[in-house]
Amino acid sequence: MNKKSLSERDVCTKYITPAIINAGWDMLTQIREEVTLTRGRIIVRGRLHTRGKSRRADYVLFYKPNIPIAVIEVKNNRQLMSSGIQQAIQYGEMLDAPFVYSSNGDGFSEHDRTVTSGKVEREIPLDDFPSPEKLWKRYCISKGIDSATEPVVTRDYYIDDAGKSPRYYQLVAINRTVEAVATGADRILLVMATGTGKTYTAFQIIWRLWKSGVKKRILFLADRNILVDQAKINDFKPFGSAMTKIAKRNADKSYEIYLSLYQAVTGSEEEKNIYKQFSPVFFDLVVIDECHRGSAADDSAWREILNYFKSATHIGMTATPRETRDISNIHYFGDPVYTYSLKQGIDDGFLAPYKVVRIDIDKDLTGWRPEKGKADKYGREIEDRIYNQSDFDRSLVLEKRTELVAEKVSEFLKLTDRYDKSIVFCEDIDHAERMRQALVNENPDLTAENSRYVMRITGDNNIGKAELDYFIDPESCYPVIVTTSKLLTTGVDAQTCKVIVLDQRIRSMTLFKQIIGRGTRINEAFGKFYFTIMDFKKATELFADPDFDGDPVQIYEPDASDPPVPPTDQDESGVPEPDISDDEETIIDDPDMGKRTKYVVDDVEVTVVAERVQYYNKHGKLITESLKDYTRKTVKKSYRSLNDFLKQWDAAEQKRMIITELEAQGVFFESLAEEIGRELDSFDLICHVVYGQPPLTRRERVANVRKRDYFTRYGEQARAVLDALLEKYADEGIESIEDMNVLNVQPISQLGTLVEIVDLFGGRDGYVEAVGELKDQLYDIAA
């Protein structure tokens, strides 16, 4: 056997797997092959989407299930033994596995991530791969794990009947937290973006600590009923009869796992502080969900509870840690033991990317000053001053502005899908109600079909709150559009929400991230791969804040006459964020309601104004130059001259590979086609925009091919197939005819089955050759 001729998979089967097994690793419980770590970023192009390449490790070795300690990356024998080491290091860092290896079948190149001085890398013979016990011993030394803490660290995960397993980042979060508790940490912070499974992560942490016996009574604290209820019926369900929710101010001490709203155990009067019915040492673990809100402030009701149970270990979980002059998560909990950001979630394909539609209204930009003595619709004289965006819908209402926002939101949905679930964030309850009315008036047909098409869901309205479960249920059609103020900013698992409307002035990065998080969940079964943010109050200017870590794929600012659908192609310190709750006794949706005069004006016209379309490149940086200039600069990094590009295009068997590569570098083909001409294909767009060549339309290229009459070498039926492929190219472009599945699509499928059509060309190779010749004819430079 010639070892050099073996594929990478052959090297794995014949050399690597036997070497690992011979070292004592169990094939069933400790060795996993071809482990998919990420799903691949969702790439949005116009209204279409695709997934980028996922990351996959050749081997991950586990000391026990879900405790990864080593990664092996394998290359074929024509490459160096260490060729895969850098890739393996990346995977090791992702999995928090300290020992990484590369191999070509001759031996192993080891990189020890635990070494801080001395030799980090070495070569190991194929028959001397370390045993599980050797690597685990080195692992424990590096982590400070001794014989007393090892039983806690190695405690099994909960495995459900469906076989659900944690994602790689959840593994790291769970393992680091359990290790921190086992080795004596008593204040721990976990930062995980909204939609990445914080509650499931919390459950596995609690389960392992509870089952190991190191933590016997546990309190899970949240500040929204829905957070507690979702945890109880979903992720925390395996706790069964050992678990209870503290309700009706009843402190039953016969359970082990307690779920509670902090409002349910505290109050302004001493007798309402139910938590004091428990002794200060009753709980030995307190987990605080969304800890960026209450527990970060020294004088909050949350902090009173934590101080009371100060002997317990405290684990804080949040998507958005708060660091201001007066409020600090890190001061209380310490630096996060692990952070998984919104940007990482989007890059890995676990969270949905998003577009931004920015719509500026004239009065928002120029302000409005009432003429002297002007009264509002209720006869109240309006204070004489200039009112601007910060006043609108708080101290002054322009009713026509509300109607315009409702019109633009409805227009967007009419151009996309009127049943796409949408949340409209308003300034306060009054604004949310007026917006509801305006949206109802913009959609009388669908409101007539079902009165729940538009609903207001705010803390003061029980009818609206009763609709919340239906809104977040993917199976439930209604309500479709909900207006709110603060109630839906956090804790709502709205998997199918596709539109987030911001008609609320936001200057808190924490609040902004939480609101964006309402749309970041993916639900492929219901066609939710990305979402759109419609911004009417410049809230998305916070994208430019260095604290923001998840950039949009596109920002679109339509002109007044443009549709709101994109073409297919401030420091938060000193800005208090209200403590938000939906507890039946404490509703804080709009703390300023009833304290300020709000003028209502119904006779001031407003219009939409706009400036430009903006895009973000692959690095998340705003492209401020023109789309053509950006495309020219980007393409010339890979193809310096027209000749370089033509050579690569001509040599590529699959032209779409070049297109995909340029898209990955940030070339917006859909937007270029919108600007220059949708009848041009990607080849002509590049040649024209980047190299100044006169373009040919797809139809013109097809006509040139037909003039040459090169089909004559084929039989009549084969010519009919090639002619149909030309038509397909003229309609859709080169990518459509490079996929053999095009033969299953009408009208080509009317010419025969895939097998029958391929046989017309003498088999698969003959068909591929014919399509290759067809592409050569289409892109004949002399044409």
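I started at arginine 208, where a polar contact of 2.8 Å joins its side chain to that of asparagine 175. A reminder to myself before going on: this is a predicted model.

**Entry 1, arginine 208.** I placed arginine 208 in helix α6, which spans residues 198–212. Is arginine 208 buried or exposed? Its relative accessibility is 0%, so arginine 208 counts as buried, the cut-off being under 20%. Asparagine 175 is one polar partner, and I also found the arginine 208 side chain reaching the backbone oxygen of valine 153 at 2.5 Å. I then listed what arginine 208 touches, setting aside residues up to four places away in sequence: Ile67, Val152, Val153, Thr154, Arg155, Asp156, Tyr157, Ile174, Asn175 and Val178. For one of these, threonine 154, I looked up the spacing: 54 residues from arginine 208 in sequence, with the C-alpha atoms 8.8 Å apart in space.

Next I turned to a lysine. I found lysine 537 in the loop between β23 (531–535) and β24 (554–556). Lysine 537 has a relative accessible area of 0%, so I noted it as buried. Which side chain does the side chain of lysine 537 meet in a polar contact? I found glutamate 427 there, at 3.0 Å. Beyond neighbours within four places in sequence, lysine 537 is in contact with Gln389, Phe392, Asp393, Arg401, Glu427, Leu502, Asp503, Gln504 and Arg505. I checked aspartate 503 from that list: 34 residues separate it from lysine 537 in sequence, and 5.7 Å in space, C-alpha to C-alpha.

Aspartate 335 lies in the loop between α10 (329–333) and β15 (338–340). With a relative accessible area of 60%, aspartate 335 is exposed, whereas lysine 537 is buried. I also noted that aspartate 335 and valine 191 are 144 residues apart in sequence, with 9.7 Å between their C-alpha atoms.

I took the pair α24 and α25 to begin with. The axes of α24 (residues 698–708) and α25 come within 8 Å and cross at roughly 160°. That angle is over 145 degrees, so α24 is roughly antiparallel to α25. I logged the crossing of α24 and α25 as right-handed. On the α24 side I found Arg698, Arg699, Arg701, Val702, Val705 and Arg706, meeting Asp723, Leu726, Glu727, Tyr729, Ala730, Asp731 and Glu732 in α25.

Then I looked at α28. Helix α25 (residues 716–732) packs against α28 (residues 764–778) at about 50°, with the axes 11 Å apart. That makes α25 oblique to α28. The crossing of α25 and α28 is right-handed. From α25, the residues Leu722, Leu725, Leu726 and Tyr729 meet Tyr767, Ala770, Val771, Leu774 and Leu778 of α28. I was pleased to spot Leu726 and Tyr729 in the contacts with α28 and again in those with α24.

How many disulfides does the structure hold? I found 0. Cysteine 12 has 1% relative accessibility and so counts as buried. Cysteine 497, at 1% relative accessibility, also counts as buried.

Conventions. Residues are numbered from 1 along each chain as its sequence is written. This is a predicted model: local features need pLDDT of at least 70, side-chain atom pairs count only at pLDDT 80 or more; totals for chains, interfaces and linings use all residues. Side-chain values use heavy atoms; hydrogens and water are left out. Helices (H or I, at least four residues) and strands (E, at least two) are DSSP runs, numbered from the N terminus. Buried means under 20% relative accessible area, exposed over 50%, partly exposed in between (1.4 Å probe, protein chains only). Contact means heavy atoms within 4.5 Å. A polar contact is a pair of N or O atoms within 3.5 Å; within protein, one must be able to donate a hydrogen and the other to accept it, and residues adjacent in sequence count only if both atoms are side-chain atoms. A disulfide is a pair of cysteine sulfur atoms within 2.5 Å. Axes are lines fitted to C-alpha atoms, for helices over the stretch in contact, and angles run from 0 to 180 degrees between N-to-C directions. Angles under 35 degrees count as roughly parallel, over 145 as roughly antiparallel, 65 to 115 as roughly perpendicular and the rest as oblique. A crossing is left-handed if the near helix is turned anticlockwise from the far one by less than a right angle, and right-handed if clockwise.
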